[in-house]
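User: I have a structure open and would like to talk it through. Can we go step by step?

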Amino acid sequence: MNKSENNINNRLANASIFPLLIKLTIPAAAAQLVNALYSIVDRMYIGHMPEIGTLALSGVGLTFPITMMISAFSCLPGMGGSPLASIAIGEGDYEKAQKYLGNAISLLLFISLIMTVGCIIFLEPLLILFGADSQTLPFAYDYLFIYLLGTVFVELALGLNPFINAQGFTLVGTISVVIGAVLNIILDPIFIYVFNMGIRGAAIATVISQLVSCIWILNFLLSKKSYIRIRLRDLKPDKSIIISTCSLGVSPFTFRINESIVIILLNRLLIHYGGASANLHLASMAILGSISQIFFMPLIGVITGAQPILSYNYGAKNYSRIRSTIHYARILSMGCAVFMWIFLVFLPKPVCMLFTNNAELIELTVKTMRLMFSTIFIIGFQMVNQNAFVAMGNTKYSFLFGIMRKVILLVPLALILPVFTGVWGVYAAEAISNPLTTIITFIVFEKYMAGLKAKFSE
């Protein structure tokens, strides 16, 4: 066993769980928060554009399903392959772990080509389908066309960073994201206001930032610092590797695709039930979508930090370390969720003012925020359980709970409630789906863990 293998074994197999989880979670959570700034900073600057800010914000909100879809496809190779690579490391099979990395790159390049060409060809019809009208379409089209040209950088950056985190290098993974996000914050006002490029400038800033992140990540995975490295021979598609990667990656992929589909549905329902205020409701939902991204990022940071510990010890059949990791991850995740929930429910106006100075939009979003996020504090507990299934390679349950909250529960509620309560039912659907999903996931997860304990004791 070489020095690199010894290092990762000592950390994931022997280090005290809580300090290790904190060490892995803090940079991962910071990376996720900073990552959210890509779209959020765009929306902040766009929402404050003179005269056209609210309409431009509505237009960018309509592009969110497609940008989420691009992000979702990166999960198939990234979130599917990285836990399996980590499990392989736990089993001592570094050769197999490197194959997961190489095949992930091949998949990401193929996905990038299909997504770029397909979305550009059908861009205008897609945006109209998502709810764009004569006022919002020009803004949505200009932003998304440029964004799509950088799809390959987005896919590689989002899809390969999990392979860095899966090895326990969460600080490196954080830097990967911070580099791009800070650059985006700097470039946004330059392209939007100094070069007077408006919404197109925001898209250009985002593409350049993702390119820089992509270069950083590739450079690390090619270096000797990484336990598993990019090798040309591993880029050759391996059927068994691809099937197992996509089977596990389908859960986080579905989770993000669900977000995209649900946003399309919610936007259509807001247009239908919003009446004369439909565009105002679309702008409000765009703000809520950005806030939701901020909310979930620390929680994703916790599960990202827990993933290599869970995957490695699942491969090593160490039940007690798995159980301890889940326990502490729940505490951290719930703590973060409750802390942020307090701000959203009790201090919504200052949060809204970050995105707009339109008094009417602020007044509406204060109400919608309190309603939509009223129960979101409980979701931290659910996310740990759901993503533990992914980390331990359980395809069936990871897929089921990946679609439960959004598809199985929220969609029917969003279709039924507005019939009785009008436009407010669209926002209430989210609030009702959160506790229901959490309870169901917990019951199934505890039953699964009991079976796992018996299996590892044999």
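This is a predicted model: local features need pLDDT of at least 70, side-chain atom pairs count only at pLDDT 80 or more; totals for chains, interfaces and linings use all residues.

User: What is the mean pLDDT of the chain?

Analyst: The mean is 86, and 95% of the residues reach 70 or more. pLDDT is the predictor's confidence in each residue, from 0 to 100.

User: Next, Leu-144. Buried or exposed?

Analyst: Leu-144, in helix α6 (residues 137-149), is buried because its relative accessibility is 0%. Buried means under 20% relative accessible area, exposed over 50%, and partly exposed in between, using a 1.4 Å probe and protein chains only.

User: What does Leu-144 touch?

Analyst: Leaving out residues up to four places away in sequence, Leu-144 touches Thr-63, Ile-66, Thr-67, Leu-123 and Leu-127. Contact means heavy atoms within 4.5 Å.

User: Where is Ile-66, then?

Analyst: Ile-66 is in helix α3, and it counts as buried because its relative accessibility is 1%. Its contacts, again without residues up to four places away in sequence, include Cys-119, Phe-130, Leu-144 and Ser-260. Ile-66 and Phe-130 are 64 residues apart along the chain, and their C-alpha atoms are separated by 9.7 Å.

User: You mentioned Cys-119. How many disulfides does the structure hold?

Analyst: The structure holds zero disulfides. Cys-119 is in none, and the nearest cysteine sulfur, that of Cys-75, is 16 Å away. A disulfide is counted when a pair of cysteine sulfur atoms lies within 2.5 Å.

User: Is Cys-119 buried or exposed?

Analyst: Cys-119 counts as buried because its relative accessibility is 8%. Cys-352 is buried as well, at 0%.

User: Changing topic: what is the volume of the second largest pocket?

Analyst: The second largest pocket has a volume of about 160 Å³. On a 1 Å grid over the protein atoms alone, a pocket is an open set of points with protein on both sides within 12 Å along at least five of seven lines, whereas a cavity is a set where a 1.4 Å probe fits but cannot get out; lining residues have an atom within 4 Å of a point. Points are joined across faces, edges and corners, and the volume is the space filled by probe spheres set on them.

User: Which residues line that pocket?

Analyst: Among them are Leu-84, Glu-91, Tyr-100, Lys-317 and Met-392. The largest share, three residues, comes from α3. The lining divides into six nonpolar, two polar and three charged residues. Ala, Val, Leu, Ile, Met, Phe, Trp, Tyr, Cys and Pro count as nonpolar, Asp, Glu, Lys and Arg as charged, and the others, Gly among them, as polar.

User: Where does Lys-317 sit?

Analyst: Lys-317 is in the loop between α11 and α12 (319-346). Lys-317 is exposed because its relative accessible area is 56%. Its phi is near 60°, a positive value in a residue other than glycine.

User: And what is the phi of Asn-196?

Analyst: Asn-196, not a glycine, has a positive phi of about 55°. It lies in the loop between α8 (170-194) and α9 (198-222), and is exposed at 68%.

How values were computed:
Residues are numbered from 1 along each chain as its sequence is written. Side-chain values use heavy atoms; hydrogens and water are left out. Helices (H or I, at least four residues) and strands (E, at least two) are DSSP runs, numbered from the N terminus.
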